[in-house]
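Welcome! Please take a look at the sequence and the model below, and then we will walk through them together.

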Amino acid sequence: MPSWFDEGLAHIWLPYTQMRTTPPPLPVARTEGTRIHLADGRVLVDGIASWWTACHGYNHPHIRAAVNRQLESMPHVMFGGLTHEPALTLATRLAAMLPGDLSRVFFSDSGSVAVEVALKMATQYWLNRGERGRTKFVAFNGGYHGDTTGAMAVSDPIEGMHKLFAGLLRQHHIVDLPRDNASIASFEQVLERHGKELAGIIVEPLVQGAGGMLFHDAAVLQRLRGAADRHGLLLIFDEIFTGFGRTGAMFACGDVVPDIVTLSKALTGGTLPLAATVASEKVFAAFLSEAPDKALMHGPTFMANPLACAAANASLDVFASEPRLVQAKALSAQLEFGLAPCRKLADVVDVRVKGAIGVVELRKINDLVALKKRFVEAGVWIRPFGNIVYLTPALNMAAEDADVLADAIHTVLAS
Ligand SMILES: *Cc1c(COP(=O)(O)O)cnc(C)c1O
């Protein structure tokens, strides 16, 4: 290993990692398409697409060229009092793509921050309309909305570490998704009882991602929209995981239109950090006033970074010029076919596929570290967590590579 590796490992602090016991991370020399080239020369077929950001695979030439061009003219400029073409063009394009009147785009630099902005937006919406005390949200077991404290507080109580961080996190109403009679009744009860202190409802549409890759259907979304309307609450869809083709459609919401939507992850095609919180006309209108303090009170330093916006615009070009959603559907069928044999394995309790997401759920994974190591030895990059092994590959992954991933999962879990 080169000297920067050992020296650097003594100074770096890794995510969600017990630094005393976890084996060191693998140094990567470069990425290309759906491959990760390790520093030691090994090449891995990538089943995760870097937390599903690299929806077109790595180093797409069109995105790379756009970022290079932007780098020559203006890598960054502050967004307070100044603006630029990449940001305004991207806002116009996102508004045109999103359903309904989701048309006001607020940029930030990560998914968690986009969620924080959505929560503040919803809370200030009520304050601006003269209703005080609406500061709580209804959110769902199994949900994941990010690692900052506001986002943790609306995530699954266990995954969001509500006990560990009790006192730091705000308390909201976390309930089961309303999908059967019992859960619908308890959801409605919370709305009845606490309606006056609620600002809104936040959910990941169709797929609860990092909380366990759990699927639900559009009927749940319609139910949430209906309930939000009846109780006069704002509905927030966190499409950070699902947005940009992951579930097979461009967005998971379908024709159920939320009041606020958050986007990030695949927004720049896996190139640069960027996020957006997009509001409907109704939400935006509540911030228009002669009173300066009714303005939305948020503004990240690197807001609407031009390089990131150029990457996002180029990624949207690629969605328009390449048959990405058709490829996502083909990949979906392939994951379905390739993972099906896992159903017969002893410890497997469920195999499920939605869009370009494949999940093998086990009764229990005894040794995550060993399992991860065996995947690398099998030539694939797959990162099981909790009790699941999942795939979120580039939407345009070649059929042979998708087979390699599915076969590796079957072989490793069977042995
Ligand atoms: C990843 C994710 C987030 C957080 O995004 P970061 O960029 O990691 O802060 C929020 N919501 C969902 C649904 C996500 O998948």
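Which ligand atom lies 2.9 Å from a polar side-chain atom of K265? It is an oxygen atom of the ligand.

## About the model

This is a predicted model, in which local features need pLDDT of at least 70, side-chain atom pairs count only at pLDDT 80 or more, and totals for chains, interfaces and linings use all residues. Residues are numbered from 1 along each chain as its sequence is written, and side-chain values use heavy atoms, with hydrogens and water left out.

## Around the ligand

Let's stay with the ligand for a moment. The residues around it (those with a heavy atom within 4 Å of it) are S110, G111, S112, Y144, H145, G146, E204, D238, I240, F241 and K265.

For S112, an N or O atom of the side chain is 2.6 Å from a ligand oxygen atom.

## Two domains

Now step back to the whole chain. Domain 1 covers 3–56 + 323–414, and domain 2 covers 61–321; such bounds come from an automatic or database domain assignment. Taken over C-alpha atoms, the domain centres are 27 Å apart. Domain 1 brings 25 residues to the contact and domain 2 brings 28, where contact means heavy atoms within 4.5 Å.

## Where the domains meet

About 2,200 Å² is buried between the two domains, and carbon and sulfur atoms give 67% of that. Buried area is the accessible area (1.4 Å probe) that two parts lose on being put together, summed over both. On the domain 1 side, W52, H56 and K354 lose the most area to domain 2, together 30% of what that side buries.

What kinds of residues does domain 1 place on the side that touches domain 2? They divide into 17 nonpolar, 4 polar and 4 charged. Here Ala, Val, Leu, Ile, Met, Phe, Trp, Tyr, Cys and Pro count as nonpolar, Asp, Glu, Lys and Arg as charged, and the others, Gly among them, as polar.

## Salt bridges

A salt bridge is a side-chain nitrogen of Lys or Arg within 4 Å of a carboxyl oxygen of Asp or Glu. The whole structure has 13 of them, while the count between domain 1 and domain 2 is 0.

Conventions
A polar contact is a pair of N or O atoms within 3.5 Å; within protein, one must be able to donate a hydrogen and the other to accept it, and residues adjacent in sequence count only if both atoms are side-chain atoms.
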